[in-house]
Amino acid sequence: MGKYCLRPLTRRHFSTNPSSGSELTAEFTNLCSKGHLKQAFDRFSSHIWSEPSLFSHLLQSCISENSLSLGKQLHSLIITSGCSSDKFISNHLLNLYSKCGQLDTAITLFGVMPRKNIMSCNILINGHFRSGDWVTARKMFDEMPERNVATWNAMVAGLIQFEFNEEGLGLFSRMHELGFLPDEFALGSVLRGCAGLRALVAGRQVHGYVRKCGFEFNLVVVSSLAHMYMKCRSLGEGERLIRAMPSQNVVAWNTLIAGRAQNGYPEEVLDQYNMMKLAGFRPDKITFVSVISSCSELATLGQGQQIHTEVIKAGASLIVSVISSLISMYSRCGCLEDSLKVFLECENGDVVCWSSMIAAYGFHGRGVEAIDLFNQMEQEKLEANDVTFLSLLYACSHCGLKEKGIEFFDLMVEKYGVKPRLEHYSCMVDLLGRYGSVEEAEALIRSMPVKADVIIWKTLLSACKIHKKTEMARRISEEVFRLDPRDPVPYVLLSNIHASDKRWDDVSDVRKAMRDRKLKKEPGISWLEVKNQIHQFCMGDKSHPKSVEIASYLRELTSEMKKRGYVPDIDSVLHDMDVEDKEYSLVHHSEKLAIAFALLYTPVGTPIRVIKNLRVCSDCHVAIKYISEISNREIIVRDSSRFHHFKNGRCSCGDYW
């Protein structure tokens with residue numbers, strides 16, 4: 001909107017005919033609603049003089065147009081006109097300054113207002129929440145002698161926005177006891193609070209309240225209800241609510257898609273996305289974030305690229321949340337350069353974008369680049385958050401940068417005032433453990449101020465396996481068994497540690513304990529995308545249509561590898577198998593099957609991208625280095641921990657993984 005000045009108000013004679021006045025007011029408000037402020041002011045200045053309440057429409061239009069300069073000019077004219085003491089006009093001025101980012105001005109104005117009412121306080125409460133100051137908002141709420149339903153709605157919504165879900169639900173309960181009826185937005189906030197707490201019982205109680213209040217067909221409320229059920233792992237109940245709605249909109253489709261994504265059904269997310277488009281609805285930024293994240297999960301590069309094209313066509317390529325999702329998607333599909341390209345094309349990236357790119361570098365073992373990017377981020381005066389530091393610690397962990405990692409952990413706490421979460425401590429344990437400082441890692445777990453979970457102990461147990469700390473592994477495994485006796489992972493790790501130490505009796509004991517508890521090792525699965533189709537492989541898998549050709553090619557490949565010095569690592573394979581069976585078992589690991597298929601059925605010279613659900617074993621890691629050299633192909637493997645880029649007989653991890 002162009003800059004211009006409003007001329008001073010002058011008195012003119014206007015007809016006192018009521019119908020004439022109402023027609024003028026209607027025309028004036030219509031111009032304001034369309035953002036034509038100058039035209040509205042110039043044509044109806046005398047009418048505004050006779051009806052000062054009309055200033056409210058001009059001020060509201062300034063908010064819609066985000067025109068603070070015009071709002072200030074109107075404020076001057078309001079003072080000149082003598083109606084600045086009017087509560088109605090003053091509240092609109094408060095609203096203008098609050099919503100246009102001038103909270104200090106709004107507070108000053110509030111302090112000098114001769115007449116205040118509940119609405120005045122409500123506007124400031126919302127303003128404090130908008131600026132991130134929930135403490136002052138709560139203080140103001142507590143000090144109000146009288147409140148209305150809008151006050152309660154604002155407070156409940158604000159607290160839940162800042163993830164004070166329990167406090168928000170408590171206020172909602174008090175609001176109900178006092179007889180205040182929440183609006184659709186407050187109910188939506190309460191249901192988000194239930195979703196955040198995974199409080200299914202409370203969510204069902206709110207659902208009953210929704211029925212009593214007659215909101216069961218309100219699109220906003222029903223979408224929030226469905227979201228709550230889906231976040232609480234009751235996907236079916238949430239979907240039934242959406243499908244029972246008499247009409248659906250983009251919000252309803254987004255709820256369905258996000259629900260599938262949150263419950264671990266990425267393939268179904270893509271199906272729902274296609275159905276949404278067939279139903280005639282245009283995806284928005286929320287849709288794109290869910291769908292792109294599912295492509296990340298599946299590592300379906302072709303589909304991700306196609307959706308990126310749709311993002312550009314929809315005009316959503318400049319939206320920061322979508323950009324961050326694209327950075328992560330390309331990274332998790334093994335295309336780090338494409339992640340960087342998306343990042344560099346983003347002119348107004350926020351801390352989320354920068355953190356996503358730092359995470360991408362870390363995931364690909366490029367710790368030095370991750371640190372350089374963080375230094376640039378500081379130079380740009382962007383405030384790093386807990387996610388930024390989590391990404392940095394991860395990057396340091398996977399590159400053996402122990403001292404740097406410790407330095408960043410201290411920086412996070414001392415300079416940025418970020419309180420470490422359990423995830424930060426898990427990264428530090430991983431960093432220390434991988435480096436070989438397993439005793440230091442254990443000491444950190446036992447001294448940290450948060451309660452240890454299964455994951456952090458399993459992280460340390462994995463480090464014991466890497467560094468062959470058998471006795472320590474026994475002790476740490478007991479911590480894991482205590483917290484989750486049904487988890488097969490610690491049994492497998494402990495068994496592998498004993499096997500590498502050739503303690504076969506201990507291996508048998510661990511395997512017997514697994515059988516007694518009816519626990520099974522998670523099977524290794526690898527997959528890759530070829531011509532927009534996913535091909536999946538399991539160890540020793542013969543179900544693939546090309547399994548005969550794959551097995552034959554692997555025999556040839558293994559023979560060539562041995563000629564170049566490859567020796568199968570049979571020591572860690574079950575001791576009750578003969579050497580030939582052990583070699584056969586190693587050759588037919590899922591990642592080797594996937595790579596052999598790709599070598600046979602993808603164009604020569606193109607990169608091969610394989611995803612595995614478990615950590616790549618040491619034998620496969622060595623073998624793939626040989627395969628990359630023999631085939632002269634870049635082979636990119638994403639395992640449960642990180643990316644490995646194999647090229648010319650080397651791996652990007654430098655054998656540190």
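Predicted model: local features only at pLDDT ≥ 70, side-chain atom pairs only at ≥ 80, totals over all residues.
1. Residues are numbered from 1 along each chain as its sequence is written, and side-chain values use heavy atoms, with hydrogens and water left out.

2. The sheet. An open sheet with mixed pairing is formed by 6 strands in the order β2-β1-β3-β4-β5-β6. The edges belong to β2 (533-538) and β6, each with a single partner strand, so one side of each has no neighbour in the sheet. Strands are DSSP runs (E, at least two residues), numbered from the N terminus, and two of them pair if DSSP finds at least two bridges between them.

3. Strand β5 itself. Of the 5 residues of β5 (residues 643-647), 4 are buried, so the strand is largely enclosed by the rest of the structure. Buried here means under 20% relative accessible area (1.4 Å probe, protein chains only).

4. Towards β4. Strand β4 (residues 635-638) pairs with β5 in the antiparallel sense over 4 bridges, and a hairpin of 4 residues joins the two. Ile635 has Phe646 of β5 as its bridge partner.

5. Towards β6. Strand β6 (residues 650-651) runs antiparallel to β5, with 2 bridges joining them. Phe646 stands opposite Cys651 in β6. The hairpin of β5 and β6 has 2 residues between the strands, and Asn648 takes a positive phi near 50 degrees there.

How values were computed: Buried < 20%, exposed > 50% of the residue type's maximum accessible area, 1.4 Å probe, protein only.
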